[in-house]
Amino acid sequence: MEWKNVEGHPGLIKNEQGIVLNTNEQEVEAARARKKAWKEKQKELDELKNDVSELKDMMKQILEKL
């Protein structure tokens, strides 16, 4: 498989199937860090949604007992 530089985009290479790879290690590491941070934020958001749902259920139970 032969890789060629993408014109006008240093650090990118492309093969005859159209697959593009980034060969710039700093950009790859930055993208991985962004993805990790996004996943952590999503996890925190999911936990907050779960907490709110639990609080709603508790409030309903309290109101039913009154």
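Start with a patch on the surface. Met1, Trp3, Ile19 and Leu21 make up a nonpolar patch, with about 400 Å² of accessible area together. Patch residues have over 30% relative accessible area and no salt bridge; nonpolar side chains (Val, Leu, Ile, Met, Phe, Trp, Tyr) are joined within 5 Å, like charges within 9 Å. The areas come from the Shrake-Rupley method with a 1.4 Å probe, and for residues only the protein chains shown count as cover.

Two words on the source. This is a predicted model: local features need pLDDT of at least 70, side-chain atom pairs count only at pLDDT 80 or more, and totals for chains, interfaces and linings use all residues. Residues are numbered from 1 along each chain as its sequence is written, and side-chain values use heavy atoms, with hydrogens and water left out.

Ile19 sits in the loop between strand E2 (12-15) and strand E3 (20-22). Its relative accessible area is 39%, so Ile19 is partly exposed. The cut-offs: buried is under 20% relative accessible area, exposed is over 50%, and partly exposed lies in between, with a 1.4 Å probe and protein chains only.

Now the whole chain. The protein chain has 1 helix and 3 strands. Helices (H or I, at least four residues) and strands (E, at least two) are DSSP runs, numbered from the N terminus. In sequence order the pattern is β-β-β-α. The radius of gyration is 24 Å, well over the 11 Å that the globule rule gives for 66 residues, so the chain is more spread out than a compact globule. That radius is taken over C-alpha atoms, and the rule is 2.2 Å times the number of residues to the power 0.38. The C-alpha trace spans about 75 × 25 × 20 Å along its principal axes. How much of the chain is buried? Of the 66 residues, 3% count as buried.

Next, the sheet. The 3 strands form an open sheet in the order E1-E2-E3, with antiparallel pairing. Strand E1 (3-5) and E3 are at the edges with a single partner strand each, so one side of each is left without a neighbour in the sheet. From one strand to the next, the twist averages 35°. For such angles, axes are lines fitted to C-alpha atoms, for helices over the stretch in contact, and the angles run from 0 to 180 degrees between N-to-C directions. Two strands pair if DSSP finds at least two bridges between them.

Look at E1 and E2. The two pair in the antiparallel sense over 3 bridges. Lys4 has Lys14 in E2 as its bridge partner. Asn5 stands opposite Ile13 in E2. The two strands form a hairpin with 6 residues between them, and Gly8 in the turn has a positive phi of about 80°.

Then E2 and E3. They run antiparallel and are joined by 3 bridges. Leu12 has Asn22 in E3 as its bridge partner. This hairpin has 4 residues between the strands, and Gly18 takes a positive phi near 95°.

In a regular strand, side chains alternate between the two faces of the sheet. Which residues of E2 lie on the covered face, and which on the uncovered one? Ile13 and Asn15 are on the covered face of E2, Leu12 and Lys14 on the uncovered one.

On to the link. Thr23 lies in the loop between E3 and H1. At 44% relative accessibility, Thr23 is partly exposed. Thr23 and Ile13 are 10 residues apart in sequence, and 7.2 Å apart in space, C-alpha to C-alpha.

Last, the helix. Lys60 is in helix H1 (residues 25-65). Lys60 is exposed at 53% relative accessibility. Its C-alpha is separated by 18 Å from that of Leu48, 12 residues apart along the chain. Lys35 is also found in helix H1. Lys35 is exposed, with a relative accessible area of 52%. Lys35 and Glu54 are 19 residues apart in sequence and 29 Å apart in space, C-alpha to C-alpha.

How many salt bridges are there? The count is 1 salt bridge, where the rule asks for a side-chain nitrogen of Lys or Arg within 4 Å of a carboxyl oxygen of Asp or Glu. The side chains of Arg32 and Glu29 form a salt bridge at 2.9 Å, N to O. Both residues lie in helix H1, 3 residues apart, about one turn of the helix. Arg32 is exposed, at 54% relative accessible area, whereas Glu29 is partly exposed, at 44%.
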